[in-house]
Structures are given as structure tokens and as C-alpha cells.
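Here are some notes for you to read alongside the model.

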Amino acid sequence: MAISRRDFLKVIGFTGVTSAVATIGGVLIGRGEDILKEIKPASKVRWAMAIDTRQFKTDEDFQKVIEACHKAHNVPNIPDPIRQVKWIWVDTFEKAFPTIEHEYISEEIKKRKFLLLCNHCDNPPCVRVCPVKATFRRPDGVVVQDMHRCIGCKFCMAACPYGSRNYNFYPPREFLSQVNPEYPTRTTGVVEKCILCYERLDEGKQPYCVEASEGKMFFGNLNDPNSPVRKAISENIVIVRKPELTTKPMVFYII
Amino acid sequence: MYNSDKVIVGIIIFILFFAMPFWLNFGKAKALPKPELPSDTKECVESREYMRAFHMKMLLDWRDKKVREGQVYYINSQGKFFKMSLQNTCMKCHKSMEKFCDRCHTTISAHPDCWRCHIAPEEVKKWQ
């Protein structure tokens, strides 16, 4: 029995439509599964820091904190101000908070010094630009620099709005007066920054700077309402650096 | 082939000449590296054979676990815990880079770049 032209077209049309639907549907369902795999549950821990700038008065207060960090992490002391390496440093209100700065704010605030470090942003621009994923954000919010992967392209230095990153122009070992044998140094040609002492956090300790500050800095889990940071933030007026950039900094300054 | 007798003799002489190091050292094992093993401890993280074959893979694995995944301890095949750290675990027993790591690495011309950043036990003395 010969099939009629009309029936033939019906069969062809039906097959075409079914296969098209199946293909598109299959692709969409497959995509959905992939996307579901990529969504990870939010971590219960979100490390954050609050710095009580009222309590930092003398240069000694700052030096103690800076030295504790730089000694422990073998940060070289390079005299060249443009090519120096620093993990934690001090600057004025005008430099630290350029968009909040105003000519009529109190003289005391204008003269006050601020302890600056990597802000461990929730939305870190340095992580987005890194071409080799050397910089990454851990689930607990710490932005870590993996020196093993860094190729020294300096993209992150251009991306960071806080100047937290430094490139090793000079061989860092030549600028160390003493060395902590438990921590590595860096090599020429990598970028480095504060890592919020993630190794100590994993062992249940606090960062070196917080320990050395003797109660002038608060550290803890931002998701825990009873943590020292949460208390410090809720009981005081805090500001963050350059909030308009929506990087969501996790270092809070108590004013 | 023209002049095949001369060509074949030539090839044989050529091979013999270029394989000279092989003939001269045939049957002898010269310059075997002798890394200095720690005297106070007998057991490494894993068995000696495993470490010999896979120490480089283990170190890379430790690096990734510690830096990127935030793990602190390595559990070995006997269930023992070890802190994952080149400077603070490996080099606490193997007290010398030159007498342990470098002896094999130099022999086989391997040049791992660990010590460009990590501080070898010998180098600590430079600062003291």
C-alpha cells in the first residue's frame, strides 16, 4: 500500500516537532542539573574584623600590630616607598576614606591614623580579574593569594581599590632582618597581600594582628550574633572603605 | 645500496662510539645518590617505598589541600594525623635540604622550585 502524500507529510512533521522538543528539553534539563551542582550552600562562617580606631593613639600601638604580622609572615622591609611590600599599614583619614572625607569634619578625625589591610571583600574584584585563579575567595570569606600559582601579572593590583596588594620587585629575602622559620618567604615576581592568617583560622586561632592589638581589634564570625565583631559593629558607629564600589569590605572601622 | 660494506661498518663504529658512556659503565652503578635519613625517627608519613615513588605527588596534594581547601591534617594509611607542612612537618625530621632533597634531585637533574620561597633549614642560619 502506497502512503499518501498527506500522511507522509504528517509523519515527517510529527517526528520533526518531537525531536526538536526532546533536544531543547534535554539541553535545558542538563543545564539545570549543572547549575544546581554549581550552587553551593552558604557557609556558616564569615570572618570579619572590626578595628577600634579610637583606641589606636600612639605610633607604638600601630607598630606593635604591624610588626607582629610582618615578622610572622616574613614580609620584607623595603625602603623604596613605591616598591615596598606591606600587609598591614597606616594612613590618614583622607587617604583611607577619600569619598567620605570632607573639609569640615572634626580636626581630631582628620588627624587620626587608620590601620589598613586587605578588606577580604565579599565581592572581591581581585578574584574576578586573576587569570590563573591564584587569588580566590574561600567559603568562609577569606580572600587568599596562592603564591604557587601567581604569575605576577599584576591585574589584581590594578583591580584592588584599597591598595592592599604589592608586587615583589626586589628579591624579598634580601630585605629580611630576621626570619620566621615556620612560614615561607615569597620570591621575586609574585604579588602578595594579607591572607587573614587563614592557616591560624583553620587551627582555631585568631590572626596575629588581632592578638597583638590587645583588645583594640575585634575578630570573629559575622554570621554569629554573639561574636565579638558583631557586638562591636552593633554597639558602635562603623564605616568601611569605599562602600560605593560595592565590594562589600569585611574590615569595619569604629569611629 | 652502493658501498654497503663501508656504510654498514661506518654505522656500527658510529653507534659504538656514541654509546661509549654505556659501554664504559656497563655493569657498574656509579654515583648512586645517598640521601641522609634522619637518625632519631624510623617512620615517615607513609612507607619508605611509597615516599620514594610518590613524595612529589603527595607534596602537591598537601599544597592544594592546605592552601585551597583549608585542610590542616593529613591522615596516613595507619590512621595517624600529620600536619600538612613542608617546613614544619617534613623538615622537622629531615633536617637538611642539601643532605636529603638535593642529593637525589641533583643526580637526576630535577629542579623543583620549593626552596625559592620555602625556607630550608640551612638557610635559617643565615639570619641568626
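**Notes on the model**

1. The C-alpha centres of domain 1 and domain 2 of chain B lie 18 Å apart. Domain 1 of chain B covers 54-84 and domain 2 of chain B covers 85-128, with bounds that come from an automatic or database domain assignment. On the domain 1 side of chain B, the residues that touch domain 2 of chain B are 3 nonpolar, no polar and 1 charged. Here Ala, Val, Leu, Ile, Met, Phe, Trp, Tyr, Cys and Pro count as nonpolar, Asp, Glu, Lys and Arg as charged, and the others, Gly among them, as polar. In all, 4 residues of domain 1 of chain B are in contact with 4 residues of domain 2 of chain B, where contact means C-beta atoms, placed from the backbone, within 7 Å.

2. A word on conventions: this is a predicted model, in which local features need pLDDT of at least 70 and side-chain atom pairs count only at pLDDT 80 or more, while totals for chains, interfaces and linings use all residues. Residues are numbered from 1 along each chain as its sequence is written, and chains are lettered from A and ligands numbered from 1 in the order in which they are written.

3. Confidence next. The predictor gives the complex an ipTM of 0.78 and a pTM of 0.79. Chain B has a mean pLDDT of 90, with 99% of its residues at 70 or more; pLDDT is the predictor's confidence in each residue, from 0 to 100. Within chain B, helix α3 (residues 48-69) has the highest confidence, at a mean of 94, and helix α2 (residues 20-24) the lowest, at 85. Helices (H or I, at least four residues) and strands (E, at least two) are DSSP runs, numbered from the N terminus.

4. In chain A, the domain assignment gives domain 1 (1-39) and domain 2 (47-254). The centres of domain 1 of chain A and domain 2 of chain A, taken over C-alpha atoms, are separated by 55 Å.

5. Where the two chains meet, chain A supplies 18 residues to the contact and chain B supplies 13 residues. The side of chain A that touches chain B is made up of 8 nonpolar, 4 polar and 6 charged residues.

6. Do look at the open sheet of 4 strands in chain A, which has mixed pairing and the order β8-β1-β10-β9. Strands count as paired if DSSP finds at least two bridges between them. β8 and β9 (238-239) of chain A stand at the edges with a single partner strand each, so one side of each has no neighbour in the sheet. β1(A) and β8(A) (residues 217-221) are antiparallel over 5 bridges, and A48(A) has G220(A) as its bridge partner in β8(A). β1(A) and β10(A) (residues 251-254) run parallel, joined by 4 bridges, with D52(A) opposite I254(A). β9(A) and β10(A) run antiparallel with 2 bridges, and I239(A) stands opposite Y253(A).

7. Strand β1(A) (residues 47-52) is mostly covered, with 5 of its 6 residues buried. Buried means 20 or more other C-beta atoms within 10 Å of the residue's own, exposed means 12 or fewer, and partly exposed lies in between, with C-beta atoms placed from the backbone. The largest nonpolar core has 53 residues, of which M49(A) and I88(A) touch the most other members. β1(A) gives the most to this core, with 5 residues. A nonpolar core is a set of buried Ala, Val, Leu, Ile, Met, Phe, Trp, Tyr and Cys residues joined through C-beta atoms within 7 Å. Beyond four places in sequence, M49(A) touches residues including M217(A), F219(A), V229(A) and V251(A).

8. Two residues deserve a backbone check. N74(A), in the loop between α2 and β2 of chain A, is not a glycine but has a positive phi of about 50°. N74(A) counts as buried because 21 other C-beta atoms lie within 10 Å. E214(A) also is not a glycine and has a positive phi of about 55°; E214(A) lies in the loop between α8 (208-213) and β8 of chain A. E214(A) counts as exposed because it has 11 C-beta neighbours inside 10 Å.

9. Last, R83(A) is found in the loop between α2 (59-72) and β2 (88-92) of chain A. Is R83(A) buried or exposed? R83(A) counts as exposed, because it has 12 C-beta neighbours inside 10 Å. Leaving aside neighbours within four places in sequence, R83(A) is in contact with I78(A), F169(A) and Y170(A).
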